[in-house]
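Please walk me through this model. Start with the aromatic rings, then turn to the helix packing.

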Amino acid sequence: MTEELVLDTAIRDWVLVPLSVVMVLIGVLRYFVAKLMRSPAASPSPDPKLVKEGQVVVRARHLRTGAQFIPAKAFKSRKVYYTNEENGLLHVPKEEAQKAQAAMFSDPNMAMDMMKKNLSMIVPQTLTFAWVNFFFSGFVAAKIPFPLTLRFRGMLQNGIDLGTVDVSYVSSRSWYFLNLFGLRGLFSLILGEENATDDAQKMMQMGGGFGANPTMSLSAEKDSLDIIQHDWVLPKMEHHAEEVLRKLLKK
């Protein structure tokens, strides 16, 4: 049986609220520091070729996820249109892929910008975690107002070893991680949609890590589209509708 705790108001005033305020202030400060460290050439106009490749990947992904809703003949023709080895939109010659990767490695501005972004993200997070771990480690800081399964214990009760406590209680260290990954919406309201705190997410979406080949997304999507097994759902819809009607009539 789980144990119910009564949280002291002093923990709210001296742990929960200060930790939340500090996380917000550090996020805002990191935004302005990253903005100052950003070089004028760090945000050039998008390359039309990269934009075109990105749109092709999105269209191919939509075809792959919605393949079961179109007939086999239509899917096969679209698949050939994207994956044809001669002129398919997703086919990337090996020479072109090697040239693109070499061009990225030879760009010194990209290495410098990546280093600045890493410094603006890693250094504040490391210092903040050390501060939280030194001053606020071991506190039960809050309680989630809804029940959770035992799988959330490791995520919400980091730093405390109390197996009899309900999973909905949150430790101070876990509260730090929840603020770290959950304040993006608040930063968007305070700093605007295009803010520097989303740089990591943008780099993941664009494959923008240093040394990453922009054409690798085309090859990866081509491989995914090649191995997909088409299964048209329309012939099965009549049986599904019949089962639903039978269940309704039984009620």
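Is Phe 177 buried, partly exposed or exposed? Phe 177 is partly exposed, with a relative accessible area of 29%. The classes rest on relative accessible area: buried is under 20%, exposed is over 50%, and partly exposed is in between (1.4 Å probe, protein chains only).

This is a predicted model, in which local features need pLDDT of at least 70 and side-chain atom pairs count only at pLDDT 80 or more, while totals for chains, interfaces and linings use all residues. Residues are numbered from 1 along each chain as its sequence is written, and side-chain values use heavy atoms, with hydrogens and water left out.

Now the rings. A pair of aromatic rings is described by the distance of the centres and the angle of the planes. Rings of Phe, Tyr and Trp (its six-membered ring) pair if their centres lie within 6.5 Å; planes under 30 degrees apart count as stacked, over 60 as edge-to-face and the rest as tilted. By this rule there are seven aromatic pairs. In one of them, the ring centres of Phe 129 and Phe 177 are 5.7 Å apart and the planes stand at 45°, so the pair is tilted. This pair links distant parts of the chain, 48 residues apart: Phe 129 belongs to helix α5 (residues 108–135) and Phe 177 to helix α7 (residues 172–182). Helices (H or I, at least four residues) and strands (E, at least two) are DSSP runs, numbered from the N terminus. Phe 129 is partly exposed, with a relative accessible area of 29%. Ring pairs also bring in Tyr 176, which forms a cluster with Phe 129 and Phe 177.

A second pair joins Phe 134 and Phe 135. Their centres are 4.8 Å apart and their planes at 85°, so this pair is edge-to-face. Phe 134 is exposed, at 66% relative accessible area.

Phe 136 sits in the loop between α5 and β1 (140–143). Phe 136 is buried, with a relative accessible area of 10%. Contact means heavy atoms within 4.5 Å. Leaving out residues up to four places away in sequence, Phe 136 touches Trp 14, Val 15, Trp 131 and Ser 172.

Next, the helices. Axes are lines fitted to C-alpha atoms, for helices over the stretch in contact, and angles run from 0 to 180 degrees between N-to-C directions. Helix α2 (residues 48–65) and α10 pack at about 15°, with axes 10 Å apart. That makes α2 roughly parallel to α10; angles under 35 degrees count as roughly parallel, over 145 as roughly antiparallel, 65 to 115 as roughly perpendicular and the rest as oblique. On the α2 side, the residues in contact include Val 57, Ala 60, Arg 61 and Arg 64; on the α10 side, they include Leu 218 and Glu 221. Glu 221 counts as buried at 5% relative accessibility. Beyond residues up to four places away in sequence, Glu 221 touches Val 57, Ala 60, Arg 61, Arg 64 and Leu 90.

Helix α3 (residues 72–83) also packs with α10 (residues 216–227), at about 150° and with axes 10 Å apart. The two are therefore roughly antiparallel. Phe 75, Lys 79, Tyr 82 and Thr 83 of α3 make the contact with Lys 222, Leu 225 and Asp 226 of α10.
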